[in-house]
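Hi everyone, thanks for making time this morning. I'd like to walk you through one structure, going from the whole chain down to a few ring pairs. Let me put it up on the screen.

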Amino acid sequence: MSTGKDRQRQLAREHFERQMQRRAEREAKAKRTAVIGSTVGVLVVVGGVIAATTLLGGNDGSSASESPSAAPSTSAAAGPKPFDPATGECGYLPDTSGAVKDVGLPPAKAEAKDAVMTFKTSQGDIVVELNGAKAPCTVNSLKHLAAKKYYNGSKCHRLGSAQFPMLQCGDPTAKANGKSQSDGQGGPGYRLAEENLEGAAYKRGVMAMAKTSEPGTTGSQFFLVYGDIGLTPDYTPVGTITKGLDILDKVNKAGVIAPGPDGTGAPKETVEIKDVTISAKS
């Protein structure tokens, strides 16, 4: 027999699917408009107007729905290539959609080895064991971003609801003040293929990467799960939180500044990432 919570989760998933469909329609419309504009010689930057949101869906005007999303990127038809075990290389593609903090492309060569990622935040340390064996390109990207101090000074911009228990971070342009409509649109200027999706489950303690509704759009944004989320296996589970779940529980308890239609929003308890380090797993 289904329970009230089951019904709430179902409604949350349906809400997310509707929002992803609307977002895809907006992106398609933007592309059509761009084609029309180019044929008549109108000098308008359409892409800058249709800014998208990542992973669990950043604020795209209606707030990210029940799913982590990032800024919409260009069409992923010719998407980034996944990890090639024969060469040990990853395919990263340039992506100028959204608000870009350009730190260059990660090195193509990736080590398929586990690692430990430590976030020094305003609320304390959050430590994640990264699964480099199953998500080598994602871990390689995170190493690159950490080395470039990409995350330093950024604020986690989206706290989930009871049906969507996660904290979304990784947009270096996010204000996380409950007012900014552009939170969730920032990225590193490149995108990569999703990894480790077979049997992926987003349970308490998982760190996963945000993306748009299209494949091959993983960037810098990620979400930290402090409950269980019934998402489809489309987001790269990159690691397991080994320290800091109590911080997420504390932030969750404080709630959001101004909840959107799906109950998510900027957290009242600010989580600012001061520094990020990644070391080999001992």
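Let's begin with the contacts, meaning heavy atoms within 4.5 Å. Among contacts in the protein chain between residues at least 6 apart in sequence, 70% join residues at least 24 apart.

A word on where this comes from. This is a predicted model, in which local features need pLDDT of at least 70 and side-chain atom pairs count only at pLDDT 80 or more, while totals for chains, interfaces and linings use all residues. Residues are numbered from 1 along each chain as its sequence is written, and side-chain values use heavy atoms, with hydrogens and water left out.

Now the overall make-up. The protein chain has three helices and 13 strands; these are DSSP runs numbered from the N terminus, with at least four residues of H or I for a helix and at least two of E for a strand. Of its 282 residues, 51% count as buried. Buried here is under 20% relative accessible area, exposed is over 50%, and partly exposed is in between, with a 1.4 Å probe and protein chains only.

On to the sheet. Which order do the strands take? Nine of them form an open sheet, E5-E13-E3-E4-E12-E10-E11-E7-E6, with antiparallel pairing. E5 (154–155) and E6 (158–159) stand at the edges with a single partner strand each, so one side of each has no neighbour in the sheet. Two strands pair, by the way, if DSSP finds at least two bridges between them. As a reminder, strands of a sheet pair through backbone hydrogen bonds, either parallel or antiparallel.

Let's look at E3, residues 115–121. Six of its seven residues are buried, so E3 is largely enclosed by the rest of the structure. On one hand, E3 pairs with E4 in the antiparallel sense over seven bridges, and the two form a hairpin with two residues between them. You can find Met117 opposite Val128 in E4. On the other hand, seven bridges join E3 to E13, again antiparallel, and there Val116 has Ser279 as its bridge partner.

Moving along, E4 and E12 pair in the antiparallel sense over four bridges, with Glu129 opposite Thr240 in E12. Thr240 is also the bridge partner of Val206. E10 and E12 are antiparallel too, over three bridges, and Met207 has Gly239 in E12 as its bridge partner.

What packs on this sheet? H2 does, touching E3, E4, E10, E12 and E13, and its direction makes about 125° with that of E13. Helix H3 (residues 245–254) also packs on the sheet, touching E4, E6, E7, E11 and E12, at about 125° to the direction of E4. For those angles, axes are lines fitted to C-alpha atoms, for helices over the stretch in contact, and angles run from 0 to 180 degrees between N-to-C directions.

Let's stay with H2, residues 136–147, for a moment. From first C-alpha to last, its twelve residues reach 16 Å, close to the 16 Å expected at 1.5 Å a residue; that expected span is 1.5 Å times one less than the number of residues. Is H2 mostly covered or mostly open? Mostly covered, with ten of its twelve residues buried, including Cys137, Leu142, His144 and Leu145. After H2 comes Lys149, whose phi is positive, near 55°.

Last topic: the rings. There are seven aromatic pairs in the structure. Rings of Phe, Tyr and Trp (its six-membered ring) pair if their centres lie within 6.5 Å, and planes under 30 degrees apart count as stacked, over 60 as edge-to-face and the rest as tilted. Tyr92 and Tyr190 make an edge-to-face pair, 5.8 Å centre to centre with 80° between the planes. Tyr92 sits in the loop between helix H1 (4–39) and strand E1 (93–94), and Tyr190 in strand E9, so this pair ties together parts 98 residues apart in sequence. Both tyrosines, Tyr92 and Tyr190, are buried.

Tyr150 and Tyr151 have ring centres 5.2 Å apart and planes at 85°, so they are edge-to-face as well. Tyr150 is buried at a relative accessible area of 0%, and Tyr151 counts as buried at 1%. Together with Phe119 and Phe222, Tyr150 and Tyr151 form one aromatic cluster.

That's my tour, and I'm happy to take questions!
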